Amino acid sequence: MAVGIVIPDWTADTVEADDALGMFIALRRKGVNVRVFTPTGKTSLPLPVLHRDDLGYVFSKPEDLVIYHQSAGDQAMLSYLNRLPCRLIVKYHGTAPATSMLPFSEAATRAARRQRISLGSTLQLPADAFLAATSVQAGELRKFGVPADRISILPLFHAVDRICDLADDLNTLQAVEAHAINLASLDDVGPWAALELLLDIVDRLTLSGSMPLHLHLAGRQVPELEAYNAILMRRVSHLTSNSITFHPSTPEVRVTLLRHCDAVVTAQHGVGPEGRSLEALGFGCPVIAASNSDAAEICGPDASCVTTPLQLAGELRRVLLDQELLAELRKAGQARFTTLFRTPVLEARFIDELIAIKQRSLIRVAASTLQPGGEWFGIPESAKLVQAALAISPPLRPMAFDGIERRRSFVDWILREGSTRSAQISRQLNDPRFLAYATSMEVPRAALQLDAGMRLFWTFDRFAHAEFNLGSREDVLRLMRWYKLEASDRYKVIADAAARCNVVKLEEAL
Amino acid sequence: MTRRIFWLGMHKVLKRTELKQLRQLGYEVFNPAYISPIYDQSADRRIDDDQPTTLPAEIFAELLQHDFFYTEVPSRIAELLNAYFDVVIVTINIDWLLALLKAFTGQVIYRIYGQPYSLSDEVINKGRWLDLVGRDNLSIVPFATESVRNEHGWFLDLCPYVVPYQIPDDTFTQSGTWASQPHRQLIAVSIPNIENPYYNTVYNNFANTFPGSSFQIFGPQRAVPPDPRIVGNLERLEFLRRLASASGYMYLYTDWVCYLPPIEMMELGGPVLYRAGSLLSAFYDKASPGQFLDKVTADKKIGLLIAQDRGFINEVLSAQESVRTRYDRKIVIPIFNEVFTKLLGPSAETGRLLRYENAIASVSKAPSTPAPTRWLGVFLHADGLLGFSKGRAHAFEGIPRVVDIIVSTLVEFSDLGVVVTCTGSALPVFHDFFSAAIKQGRVVLRVINLGSHPEGLKAKLERLWLIEDFNSNSEILGVLVPHYYLFPEALLLSCPLFLYLPDYFPHLMPGTVFDTSAEKDAENKRVGVAIAAKCEGILTNSHYTRNYLPDAGFVPAYALEKVIVAPLPLLGAGRQDTLTATEIAEMEDKIAGRRFIFYPTANRPNKQIAFLLKIFAATRLLHPDLVLVLTCDLASVPGVAEYADQVRLRPHIVFFSRIGDDMLAWLYRNASALCLTTTMEGNFPPQIQEALTFDTPVVATRLPMITEILQDREESLLLCNALDIDDFCEKLLFALSRPEEVRERQRVMWRVLHERSSRERFYSQLEVLLSRADQPLKKVA
């Protein structure tokens with residue numbers, strides 16, 4: 001078995017890249033043939049990376065496995081993944097809600113809206129499993145309609161082992177040592193991180209003289225959110241307390257802050273900052289997190305202080321002024337990290353999870369026991385057709401009809417195989433109603449010349465549907481060539497029957 | 001005595017194979033040094049000053065110091081070549097050949113290995129056609145019949161033999177090693193010298209289409225782009241080893257050449273993928289498993305190679321075996337030895353292809369049948385009537401298509417010779433168009449060099465000399481003028497004259513300007529009427545035309561008997577089945593599986609193309625997959641293009657311009673219907689005859705010349721009232737929905753036409769026409 005890891009951007013300093021690298025190392029350690037793919041075939045890591053175009057070349061066997069690190073908005077990648085004949089796992093990394101961008105950037109809002117739409121398509125991928133880092137993420141997946149039994153929770157791989165030996169960044173160290181109480185924010189800079197709230201609170205606390213607090217911001221700045229960054233900078237310049245310092249987002253800065261700050265704070269709710277919270281645990285830095293967040297779940301009740309936005313100011317004062325509490329949090333955090341998140345522990349969990357997923361994928365049940373719910377592409381008398389197919393189908397996976405792509409594949413099987421094995425299916429496929437349905441199946445305007453067989457093929461052959469969008473004459477031509485080469489004869493038989501049927505209908509009409 | 005050969009070549013492979021082989025045959029072969037400043041990644045730049053020679057040392061040294069590549073041969077060097085060499089063999093480059101032909105008077109052999117462009121076109125474009133066809137002792141030896149598929153007929157006539165060539169000997173030391181190698185999951189491709197614009201385009205196309213990392217790009221490079229897939233220069237043995245360790249090889253080129261790396265991969269025993277439409281693909285019996293059409297088919301096959309799918313690999317290997325053997329030295333060397341021994345033997349002299357004397361181009365070899373004693377002249381010396389397409393000569397206009405049928409009918413049924421006039425620039429294409437009859441000695445071409453100013457003084461003198469030639473030739477029976485105003489000089493002929501006049505539209509459509517102005521139309525008519533008056537007989541194709549010619553002023557009613565009606569046989573017969581698989585694929589690509597209605601015609605007011613567009617727009621409402629195929633330019637008649645834009649029809653119209661009879665036949669065979677909207681024809685529309693021949697459903701305007709023939713069988717065709725959109729749409733929809741029924745019905749009409757337009761009948765009418773030369777009618781004033 002070969003394993004492919006697909007990641008949108010494999011650089012060393014993103015949470016997703018750290019996660020993918022962790023998986024890569026875990027699999028390599030087990031002697032698995034593992035390869036990494038990116039959209040460009042490039043990486044800053046000293047490791048071999050393939051272009052995503054190579055996916056189809058390398059993964060042609062059903063027993064192979066591809067782990068896709070979900071990247072919002074990459075429709076082209078979804079087309080690649082939909083064409084793959086092998087098993088698939090989607091690693092969910094979340095997307096930001098589009099509305100949070102609206103005041104700051106039209107482009108970012110548009111991108112975020114596209115991301116939310118493509119997330120829907122991602123979740124329709126015929127994946128064997130979806131991996132979430134936390135139950136918060138798992139809840140979001142369920143909200144999107146992913147069946148609970150296909151979601152597994154597996155914490156992120158992190159960079160702690162790789163960055164723990166880095167020397168302190170001297171500028172950062174100086175900035176920390178200049179203040180009595182230091183708080184770090186490592187969240188990516190964006191509206192989701194509620195940084196404005198944090199700035200206000202820190203400013204108020206400092207001005208009120210209740211505590212000499214300084215906030216160090218070292219999150220990654222998102223290029224599309226320049227407008228937001230500018231607003232944030234303006235806000236900082238209007239603060240009177242001089243209690244904020246921006247740092248570059250580098251591992252050295254992060255390590256320095258984690259080593260020397262009193263705590264890390266994250267005001268972000270829901271899916272998000274789990275990777276950086278893990279690093280904080282690894283470095284024994286207490287975390288003050290928003291309730292109902294990934295961070296709160298990662299750190300657990302003993303190692304963090306969980307709060308709501310309204311209570312944040314009070315909690316900061318309570319925790320940061322209490323040396324004993326901070327020490328307790330540090331100790332609990334390290335213990336939690338050692339037990340749950342050390343790399344060997346994560347690797348073992350990851351491998352166990354893959355084995356479990358593989359075993360689940362081998363389960364077959366009698367086809368007749370399955371309930372073929374869902375929409376069946378408007379096929380006339382689809383329930384009857386599917387039932388007839390189930391009666392003759394070999395055993396199927398329990399999830400055989402989950403999602404449109406699996407149902408698509410099952411109809412393809414009915415057309416190719418079922419029609420040759422069952423007289424009832426054959427009769428139904430030759431029924432004038434089905435032939436009329438096939439003849440008039442919806443295709444893009446450029447493809448109106450497609451006959452009934454081609455229309456069926458484009459709709460139900462998973463590869464053809466993913467490969468050809470039929471948006472241009474050239475693409476239609478490519479599909480027609482492909483049809484000639486690849487479509488089973490059964491499609492062509494139906495096309496002939498539909499053509500005959502049309503003539504008969506016309507003759508009757510005349 | 002052994003003949004001494006001057007071998008003009010520099011290719012690394014050829015120097016180690018064919019040059020070596022010639023020497024092994026016992027010839028003394030001199031090979032000049034490649035000292036050209038022009039970079040070529042294939043050139044062997046080593047100067048072989050140790051080659052075996054009996055040349056005097058100073059001559060040897062002088063020749064070795066001269067740059068023969070991409071340069072003209074100076075007179076001193078030409079003297080040496082003629083003095084010291086019996087034969088010159090030129091390899092690869094047409095410019096090298098042309099330079100040598102100027103300098104060397106002895107036997108020349110041009111050895112070619114496939115070129116991405118047409119060598120015939122190059123020769124013609126450089127004005128050197130006569131230097132090849134009119135020269136004694138020139139042979140061209142291509143390496144494969146398929147490689148010269150797009151060359152002109154005259155070029156192929158110069159190719160007496162085909163001799164394959166072999167891959168380098170060192171490849172054979174690694175034969176079959178692919179099977180025993182562990183394979184990296186990589187596909188080998190070859191793109192040398194990416195700095196060169198040609199290869200740069202290949203590289204960019206490849207990089208855009210196949211961005212994946214599963215490729216290794218082989219080939220010598222000067223400057224290497226930052227692409228980790230580029231391997232760059234390798235020693236031969238290392239290159240072969242790397243090739244043998246790849247999962248397979250992908251051949252990217254579709255130009256009409258076949259580079260050697262895929263063949264080397266085959267010799268190593270590895271599977272090769274290749275593009276459809278490439279020369280390499282032409283070497284396979286049929287579409288084999290290694291062929292790919294586009295990226296999606298390539299991707300699938302690359303995946304199978306990388307996954308080491310044994311079944312697929314075995315199929316590919318088995319299919320490519322016949323290709324591999326073409327280049328196998330065991331096969332190549334005996335053929336090479338046999339043919340070159342013949343070509344270089346003492347009795348190997350070959351005559352010229354064409355005799356060209358006194359502006360007459362004729363076959364040089366005496367044909368087996370006696371030469372004609374009486375000749376008919378046919379004026380055709382206007383440019384643009386014929387052209388080459390994919391190496392074949394085609395008639396793109398009606399007049400030469402009719403002349404074609406006249407000539408072939410006379411050749412088939414009479415012993416008359418035909419002198420066809422042509423312009424100097426059109427001589428090569430005329431030669432090929434009439435080549436069968438020229439070879440039989442039944443047609444000669446009289447060339448008239450009109451130059452770039454057909455109305456200039458020189459051109460006028462040329463025309464006068466032409467007339468004088470005909471007037472002074474007692475063997476000339478007469479001259480047929482196939483167009484009423486294009487050849488006014490015919491009025492000066494003293495020999496009998498015949499006019500071909502299929503129609504006269506200005507009479508049928510008064511008030512319409514057909515030429516540049518009404519004045520020009522009037523002038524044209526004056527010429528036509530004068531020729532008609534002078535001529536012995538007028539050939540036309542229907543009684544309909546014959547009947548209105550008196551009213552049109554071309555012939556007095558009392559002299560109507562001089563108008564001979566000869567219905568035209570099917571035009572272009574014998575030229576209709578020459579499309580290659582690649583050309584058919586190109587046509588299919590353009591049509592893309594859509595149903596289409598067809599009307600091949602020029603855009604003239606009487607053709608009613610705007611009305612055709614209206615019918616098409618209306619029909620598309622019910623058949624949105626339908627397209628319209630036209631061969632005309634919409635802009636020729638005001639309002640037509642504008643209408644197409646107004647109703648947004650352009651994306652649904654497919655244009656084919658300057659199509660030959662073979663493409664025309666394909667379009668008829670595949671059309672859903674011929675929709676003939678013309679409201680005025682001077683003649684029976686040949687499109688109907690063609691459509692009936694190719695079984696295309698016909699929907700046409702009810703024209704008198706059609707009903708005249710149909711008589712009581714009118715229901716056999718779907719005829720419509722002129723410009724009646726409802727009538728046309730109804731019948732077109734009927735033809736689209738019940739094509740078989742329409743075809744069945746119109747077969748009746750086909751039989752009638754077939755009978756009426758037989759070649760025998762056509763000849764008998766021609767005979768009647770030409771017999772007037774001996775019994776001239778009383779001249780009318």
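This briefing covers selected helices, strands and cysteines of chains A and B.

The model is predicted: local features need pLDDT of at least 70, side-chain atom pairs count only at pLDDT 80 or more, and totals for chains, interfaces and linings use all residues. Residues are numbered from 1 along each chain as its sequence is written, chains are lettered from A and ligands numbered from 1 in the order in which they are written, and side-chain values use heavy atoms, with hydrogens and water left out. Helices (H or I, at least four residues) and strands (E, at least two) are DSSP runs, numbered from the N terminus.

**Buried helices**

- Buried means under 20% relative accessible area, exposed over 50%, and partly exposed in between (1.4 Å probe, protein chains only).
- In chain A, helix H20 (residues 452–460) is mostly covered, with 9 of its 9 residues buried; among them are Met454(A), Arg455(A) and Trp458(A).
- At the start of H20(A), the backbone nitrogen of Gly453(A) lies within 3.0 Å of a side-chain oxygen of Asp451(A).
- In chain B, helix H12 (residues 261–268) is also mostly covered, and 8 of its 8 residues are buried.
- The buried residues of H12(B) include Glu264(B) and Glu267(B).
- Gly269(B), with a positive phi near 100°, follows H12(B).

**Helix pair in chain A**

- Helix H8 (residues 195–207) and helix H9 (residues 226–238) of chain A have axes that come within 11 Å and cross at roughly 5°.
- Axes are lines fitted to C-alpha atoms, for helices over the stretch in contact, and angles run from 0 to 180 degrees between N-to-C directions.
- H8(A) and H9(A) are therefore roughly parallel to each other (angles under 35 degrees count as roughly parallel, over 145 as roughly antiparallel, 65 to 115 as roughly perpendicular and the rest as oblique).
- Leu195(A), Glu196(A), Leu199(A) and Asp200(A) of H8(A) make the contact with Tyr228(A), Leu232(A), Arg235(A) and Val236(A) of H9(A); contact means heavy atoms within 4.5 Å.

**Strand S17 of chain B**

- Strand S17 (residues 417–423) of chain B is largely enclosed by the rest of the structure, because 7 of its 7 residues are buried.
- Gly417(B), Val419(B), Thr421(B) and Thr423(B) point one way from S17(B), while Val418(B), Val420(B) and Cys422(B) point the other way.
- Two strands pair if DSSP finds at least two bridges between them.
- S17(B) runs parallel to strand S14 (residues 375–378) of chain B, joined by 4 bridges, and Val419(B) is the bridge partner of Gly377(B).
- S17(B) also runs parallel to strand S18 (residues 443–448) of chain B, joined by 6 bridges, and Arg446(B) is the bridge partner of Thr421(B).

**Six-strand sheet in chain B**

- An open sheet of 6 strands in chain B has the order S25-S24-S23-S26-S27-S28 and parallel pairing.
- Its edge strands, S25 (653–655) and S28 (718–720) of chain B, each pair on one side only.
- The twist averages 25° from one strand to the next.
- Strand S27 (residues 698–701) of chain B pairs with S28(B) in the parallel sense over 3 bridges, and Thr701(B) stands opposite Cys720(B).

**Cysteines**

- Over all chains, a search of the whole structure finds 0 disulfides (a disulfide is a pair of cysteine sulfur atoms within 2.5 Å).
- The closest cysteine sulfur to that of Cys159(B) is in Cys258(B), 18 Å away and too far for a bond.
- Cys495(B) is in no disulfide, and the nearest cysteine sulfur, that of Cys535(B), is 12 Å away.
- Cys159(B) counts as buried at 16% relative accessibility, and Cys495(B) is buried with a relative accessible area of 11%.

Key: Polar contact = N/O pair within 3.5 Å; in protein donor to acceptor, adjacent residues only side chain to side chain.
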